[in-house]
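Biologist: I am new to this structure. Please take me through it in short questions and answers.

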Amino acid sequence: MFDLGWDEIGLIVIVAVVVLGPKELPNAMRTAGQWMRKFRMLASDFQRHLDTMVQEAELTELRDKAKQLAQTDLKSELTRAVDADGTIGQSLQTPDLSSPTSTAVPAAPSVTPEPVTPVTPEAEKAPESAAAKQP
């Protein structure tokens, strides 16, 4: 904390022995230790209170953000972000099939198949002979 080297600590001990004397030095060290303990307890208590205030401030911010998120309509926010002009939503809507529409689809004309006549080898030769007879 104070960044004292061995030289500084030795100088402090020598001055304390000269000023206080060897008889009063243990009582003075005990008193200094008690003061240091009180100082550290006050410093840790102050730090704890600061940490508590910071946590409360952060919790207040988080609580406000949570309230704000709870009040937002997620569906409208997503719709606005993805489909701003509404074209995707309109293309995905299904047509209403319960009401009749004015545009009717014309029915396909019915086609009746013509009877197929079987082809026999005699029928194939007949047109050739008919073509040969013509001048």
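Modeller: The model is predicted: local features need pLDDT of at least 70 and side-chain atom pairs pLDDT 80 or more, while totals for chains, interfaces and linings use all residues. Residues are numbered from 1 along each chain as its sequence is written, and side-chain values use heavy atoms, with hydrogens and water left out.

Biologist: What percentage of the residues count as buried?

Modeller: Buried means under 20% relative accessible area, exposed over 50%, and partly exposed in between (1.4 Å probe, protein chains only). The chain has 135 residues, and the buried part of them is 2%.

Biologist: In what order do the elements run from the N terminus on?

Modeller: Helices (H or I, at least four residues) and strands (E, at least two) are DSSP runs, numbered from the N terminus. The chain has five helices and zero strands. From the N terminus on, the order is α-α-α-α-α.

Biologist: How far apart are the closest N and O atoms of E77 and R80?

Modeller: Both E77 and R80 lie in helix α3 (residues 74-82), three residues apart, which is about one turn of the helix. E77 is partly exposed at 35% relative accessible area, whereas R80 is exposed at 53%. They form a salt bridge, and the closest N and O atoms are separated by 2.4 Å.

Biologist: Which element supplies the largest share of the lining of the largest pocket?

Modeller: A pocket is found on a 1 Å grid over the protein atoms alone, as an open set of points where a 1.4 Å probe fits, with protein on both sides within 12 Å along at least five of seven lines; lining residues have an atom within 4 Å of a point. The largest pocket holds about 410 Å³ of space, and of its 13 lining residues the closest to the centre are I12, M29, A32, G33 and M36. Helices α1 and α2 each supply at least two residues of the lining. The largest share, six residues, comes from α2.

Note on methods:
Salt bridge = Lys/Arg side-chain N within 4 Å of Asp/Glu carboxyl O. Points joined across faces, edges and corners; volume = space filled by probe spheres on them.
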